Amino acid sequence: MYDRRVRALALVALLAGVTGCGGGAVDGGWQQVAVPASVGATAVWSFGPADVWVGTEGVLHFDGRSWTEIATPTAGLVADFWGFAPDDLYAVSGVTLLRWDGAAWSALDFGGAIAPTDLQSVWGTSDDDLWIGDSLNSRVFHFDGTSWSTTIAETIDVEDLWGVSGGPGGPLFACGIFGISRFAGGAWSAASGGVAAGGASGLWGFGAADVWAVGSAALAHWDGSAWTDTSPDPSTNFIVAAESVWGAAPDDVWAVGDLGSIDHWDGTAWSQILEGAFPYYPTLTKVHGSSVDDVWAVGVSTDGKNSGVVLHHAR
């Protein structure tokens, strides 16, 4: 941690316009957004600039004008969102899978078929092909529209899921502490390829041969057959400390993470800015958007208050 902060301070000295967590504009088109008081911000999903969800101890919704706290059946931290439409949004919190139907949040009944312990991720292609990842024993649960089943990924502590198809053909990727797994042909297999073997925490992609996996050791790209670490040379003072990744297009990808790092891939190389000021760089946990003109990042302050941090990027 000491080494990372020293490197972050050196990078901040080279950047202009980066402001502290107290408010104002963030360099690179990012703007800090005031939200109702919360203990951290742990998840985000945007259907558009006037339909944004932020997970905390519950959920906050932005309608383009103001934020509203929306009641949920649970009081725990929301770890992840996945949505198909403004009236069809899922969230995971603790042992619970929540669904927003456009009017209210409800908890889905597993009927005793599965027993989650600590859900961290949700992904799917439809309401009849839904996957949720657990932090215990590499478990990934699947709903086919009728029943739930349990699969075991080749990684520990499933932090994120992303795929092209959840069906037998796949591929579906899972990442966690000990690397990346790939689900294809109805089975999981190890798929770290050495690049992300040390673990990854965020996944996003645009097709079976265009997938990103980010973590504290690599910004890795999958081309359909192998992973390549695209991290800049350490001599550039670039901090590889990502927690989450999202992209609007193959040449417009964002990753966020520790030390307030906000990374951008333009199709050729990564660039980076830092939100915050030494030593209180926030930890940014999730990034998501609806277009190149609407990208959101959320996290938690490190100034002892543990308050929610919400940032918005619009061109």
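This is a predicted model: local features need pLDDT of at least 70, side-chain atom pairs count only at pLDDT 80 or more; totals for chains, interfaces and linings use all residues.
Me: How many residues does the largest nonpolar core have?
Reply: It has 70 residues. Those with the most contacts inside it are Phe 81, Leu 97, Trp 105 and Ile 132.

Me: Take Leu 97. What does Leu 97 touch?
Reply: Its partners include Tyr 90, Val 92, Leu 108, Phe 110, Ile 132 and Trp 148. That leaves out residues up to four places away in sequence.

Me: Which residues does the second core include?
Reply: Val 54, Leu 60, Phe 62 and Trp 67 are among its ten residues. This core is separate.

Me: New topic. How many salt bridges are there?
Reply: The structure holds five.

Me: Which residue pairs with Arg 99?
Reply: Asp 88 does, through a side-chain salt bridge at 3.0 Å, N to O. Arg 99 sits in strand S9 and Asp 88 in strand S8, so the bridge ties together parts eleven residues apart in sequence.

Me: Is Asp 88 buried or exposed?
Reply: Buried, because its relative accessibility is 9% and the cut-off is under 20%. Arg 99 is partly exposed at 24%.

Me: And what does Asp 252 bridge to?
Reply: To Arg 315, with the closest N and O atoms 3.3 Å apart. Asp 252 is in strand S24 and Arg 315 in the segment after strand S29, so this pair ties together parts 63 residues apart in sequence.

Me: Where does Arg 315 stand, buried or exposed?
Reply: Exposed, with a relative accessible area of 56%. Asp 252 is buried, at 5%.

Methods: Residues are numbered from 1 along each chain as its sequence is written. Side-chain values use heavy atoms; hydrogens and water are left out. A nonpolar core is a set of buried Ala, Val, Leu, Ile, Met, Phe, Trp, Tyr and Cys residues joined through side-chain atoms within 4.5 Å. Buried means under 20% relative accessible area, exposed over 50%, partly exposed in between (1.4 Å probe, protein chains only). Contact means heavy atoms within 4.5 Å. A salt bridge is a side-chain nitrogen of Lys or Arg within 4 Å of a carboxyl oxygen of Asp or Glu. Helices (H or I, at least four residues) and strands (E, at least two) are DSSP runs, numbered from the N terminus.
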